[in-house]
Amino acid sequence: MTRRSPITGAGRPPGFVYREEKKGLLRRSAGLFLFCDDIAITKLAEHYGTPLYVYSASVISERFDAFDRAFRHVPHTICYSVKANSNLNILRLLAKGGSGFDVVSGGELERVLVAERRAAKKVVFSGVGKTRDEITAALKAGILLFNVESESELWTLAECAARLRTSAPLALRVNPDVAADTHPYISTGLRKHKFGVPIREARTLYAKASAVRYLQVTGVSVHIGSQITEVAPFAEAMARVAVLVGALRADGHEVNYVDPGGGLGIPYENGAAMNFSDYASDYSKAITRPLRGLNVHVLLEPGRSIVGPAGALVTRVLYRKTNDGKRFVVVDAAMNDLLRPALYGAHHEIVPVRRGEDSSVKFEAVDVVGPVCESGDFFARDRELPRVEEGELLAILDAGAYGMALASNYNTRPRPAELLVSGKSAKVIRRREKVADLLRDER
Ligand code: LLP
């Protein structure tokens, strides 16, 4: 099946839009050019090279604010999920807007502390395999909450806290056994998944935790998966959590926080059609309605929904080729730069950075592929795209989340530079890697 790609990125509020450029004395149209905020992407690519990650600061801030507004009727803290995009400048931008952070490793915690030391008190620490060193570092930093995922971790946490003569604030991450329609690799809320403790066993574990002097039971957490675009499973999970909160309080525990995790998806196709404020508000209702009357502080861990649409991966066409009638566009970005299509078969819109008037655009079905030596190295298969020539630029949209964060050096390919655009200015927030960087630690 071939799928026609919308050639207008127009309407994507407001980060990536086409604008008409004029040239010459007669101010003839030179065509439509994709901009990030107020800068033409062609200029960025010429100046900084490709492949190149470009993020819009205004889109990040606006999405964060919309998410925040959606929860204004309840006490809440947004703990942006660092794993989605962990660049220090993006963390700093979000911290300035009032965000806390969800971390899953000592490395992510260190990033948060470097970006904004004072954000430590708004950090939640999740993950099934926290090490003693990581736990100790988080205790020393004075984080808000440990989301504990097993009984063994509970004892390790108690031991680390005892050693520091402090008390560890914790929630158990319960597994609510709720199915969510998403890719199996990123669904987490079913019994068969490695995450959390079964909700049925939670009361027993909370009782054990409460008996330990160095542990301070303070909440319940849950996370059912990622890229979930229906809000019903969130409501279902929260309904189960609400019952648990009631039972725990009856058992005499203090439950101040409920952490519903992250996971709100984004429309990778037809993203322009969606109003994020309305969507965030639907999500907020699904989360908060089942919790009504419980008087809890809600912690939220969105990642993708904040930064996904704010980023694009810009790449240049190296070659066109045809194998037995099948057309390939070989670009200079590859699966090591953006893994999602290869790993999950994920769809990302791809648009030309410069396009002609609508009437003159010719479409063709192509595979957009990278230079890595694997057939899984593709960005699109049998996709109808406006014809692009060698040397022209393409933008792979919605790459702000789990793009650079999942990038690797496979095939000894240095990772792309990252730019944060704000209005008319662009800042290099990570310089392009060099091969020398990759060889440095090898003897
Ligand atoms: N909280 C916890 C405990 C998580 O495990 C995750 C994501 C989040 C929050 C943030 O979820 P978000 O709001 O971004 O959906 N690499 C995959 C996504 C993996 C998500 C893992 N956990 C992808 O590219 O689609």
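Is arginine 387 buried, partly exposed or exposed, and what is the relative accessibility behind that label? At 40% relative accessibility, arginine 387 counts as partly exposed; here buried means under 20% relative accessible area, exposed over 50%, and partly exposed in between, with a 1.4 Å probe and protein chains only.

Hi everyone, a word on the model. This is a predicted model, where local features need pLDDT of at least 70 and side-chain atom pairs count only at pLDDT 80 or more, while totals for chains, interfaces and linings use all residues. Residues are numbered from 1 along each chain as its sequence is written, and side-chain values use heavy atoms, leaving out hydrogens and water.

Now to the salt bridges, meaning a side-chain nitrogen of Lys or Arg within 4 Å of a carboxyl oxygen of Asp or Glu. The structure holds 21 of them.

Back to arginine 387: this residue forms a salt bridge with glutamate 364, with the closest N and O atoms 3.8 Å apart. Glutamate 364 is buried, at 6% relative accessible area.

Salt bridges with shared partners join Arg320, Arg327, Glu364, Arg387 and Glu389 into one network.

Next, lysine 326 and aspartate 382 meet through their side chains in a salt bridge, 3.0 Å from N to O. Lysine 326 is partly exposed, with a relative accessible area of 31%, and aspartate 382 is partly exposed, with a value of 31%.

Finally, arginine 415 and glutamate 433 form a salt bridge at 2.7 Å, N to O. Glutamate 433 is buried, with a relative accessible area of 10%.

Thanks, happy to chat!
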